Amino acid sequence: MNDSIIFTPCQIGPITLKNRTIRSAAFENMAHHNRPSEALYNYHTAVAKGGIGMTTVAYASINRSGISFESQLWMREEVVPDLKKLTDAIHAEGAKASIQLGHCGNMTHRATCGQKPVGASGGFNLYSPTFYQQLTEPEIDELVKDFGKAVTLARKAGFDCVEIHAGHGYLISQFLSPYTNRRKDKFGGSLENRMLFMKMVIQEVMKAAGDDLAVVVKTNMKDGFRGGLKTDECLTVAQELEKLGAHALVLTAGFVSKAPMEVMRGAMPYKTLAYYMNMKNFWWLKIVIRLFGWFIIPSVPYKENYFLEEALQFRKALKMPLIYVGGITSKENMETVLNDGFIAVQMARVLIHETDFINKVYNGLEKSECKHSNYCIGRMYTEDMQCHHCIKNLPKKIVKEIERAEK
Ligand SMILES: Cc1cc2nc3c(=O)[nH]c(=O)nc-3n(C[C@H](O)[C@H](O)[C@H](O)COP(=O)(O)O)c2cc1C
């Protein structure tokens, strides 16, 4: 028996988790041909077996145009039976199952998403070098419906919860941020207007969720660069999400195209990133990353519970349940956050490092061995998600990079 607050039940909308731990959405890159794979099944089943209250399948695209990786889940009728197998296995281990639903907006390429990429406004995407175009109003209406359809598919597949991705510079976030939204119509201009797309999406999602599916929204506390959303504006966004009836918010920060390390902190292991890159037509990008990665993707200092200060401002200003994520590696980290009024904690890297971290904490472990070298992040863009300690014979330059980061 462990009497820590971590192991007390937790309510999110209509569902109850057996404890206050959630595996956060961390892209697995395991959905080959955009379908669930055995590797995805094995990973989430292992996390469920490892004691988690709820595990989140990451970054599923609501439709074809929202896919930014070849091995990313795409919500459609034909993947429902395999997802059902996965949620059945998670439930059999006593955990709840959640799925993160989103649309990458402009962060993709025609070769991946099957059409000219779309965004809140048009422009050029350096991240996967391509032009993208501004969504029209009828396209926006279709996209909103696609969010609802994806929620319906998630329910059919047996998920208990959906997590709508409204942060990190993906489509909803691209509408919210003045940096990516330069529209002159009712979706652009004031923050009120820039929130309109998010409002339409959440209303549709809440309708589709009915009264048995929990709805969590992952939202930014700041975009993390000059010209992006600041904390006071993000607070207004969070208050709007509270009014819209979302059951809980996951508080995060960062913007993949401008401030990616704000999300996870520490240094991007750019040698690892370049090593695994296999960009057919963009081989030169690999060279640019190898030479100038340190400059293009600046590091942001890491510390334990690195979002807590900002998250506490949100805790004060909101009544709704809030979920903390960012820099949790120990029992103490979790207890601090839970005692500060957050209903649950999410973790990514410690559960990539060891899927049974929660059971270990239950049985007396104080701290994870995960040292946030961020190898898993450098690898994620092209390879399946893995921690370096699971891989034999890594090249010397990568081993050195990990060692340097772990110091
Ligand atoms: C390999 C990796 C992949 C990630 N992919 C996603 C993702 O698909 N969606 C998302 O919202 N956050 C993603 N994140 C961010 C995590 O969900 C989490 O917010 C962040 O890593 C901080 O938590 P941690 O300190 O426990 O790792 C990812 C993080 C990692 C390490």
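## Confidence of the model

The structure is a predicted model. The mean pLDDT of the chain is 95, and 99% of the residues score at least 70. Among the elements of the chain, strand β9 (residues 161-165) has the highest mean pLDDT, 99. The lowest mean, 80, belongs to helix α11 (residues 283-296).

## The barrel

Eight strands form a closed barrel, in the order β3-β4-β5-β9-β10-β11-β12-β13, with parallel pairing. From one strand to the next, the twist averages 25 degrees.

One of the pairings joins strand β12 (residues 322-325) to strand β13 (residues 344-347), in the parallel sense and over three bridges. Here Val 325 stands opposite Gln 346 in β13.

## Strand β10 and its surroundings

Strand β10 pairs with β9 in the parallel sense over five bridges. Five bridges also join β10 to β11, and these two strands run parallel. Helix α8 (residues 231-243) lies across β10 (214-220) and β11 (248-252), and runs at about 170 degrees to β10.

In a regular strand, side chains alternate between the two faces of the sheet. On one side of β10 are Ala 214, Val 216, Lys 218 and Asn 220, and on the other are Val 215, Val 217 and Thr 219; all are buried, so both faces are covered. Because seven of its seven residues are buried, β10 is largely enclosed by the rest of the structure.

## The shell around the ligand

Of the 24 residues around the ligand, those that come nearest are Ala 26, Phe 27, Tyr 59, Ala 348 and Arg 349.

The largest share, three residues, comes from α16.

## Ile 296 in helix α11

Helix α11, the element with the lowest mean pLDDT, contains Ile 296. Is Ile 296 buried or partly exposed? A residue needs 20 or more C-beta neighbours within 10 Å to count as buried. Ile 296 has 13 inside 10 Å and therefore counts as partly exposed.

Ile 296 and Ala 259 are 37 residues apart in sequence, and their C-alpha atoms are 9.8 Å apart in space.

Note on methods
Residues are numbered from 1 along each chain as its sequence is written. Two strands pair if DSSP finds at least two bridges between them. Helices (H or I, at least four residues) and strands (E, at least two) are DSSP runs, numbered from the N terminus. Axes are lines fitted to C-alpha atoms, for helices over the stretch in contact, and angles run from 0 to 180 degrees between N-to-C directions. Two residues are in contact if their C-beta atoms, placed from the backbone, lie within 7 Å. pLDDT is the predictor's confidence in each residue, from 0 to 100. A residue is near a molecule or strand if its C-beta atom, placed from the backbone, lies within 6 Å of it. A residue is buried if 20 or more other C-beta atoms lie within 10 Å of its own, exposed if 12 or fewer, and partly exposed in between; C-beta atoms are placed from the backbone.
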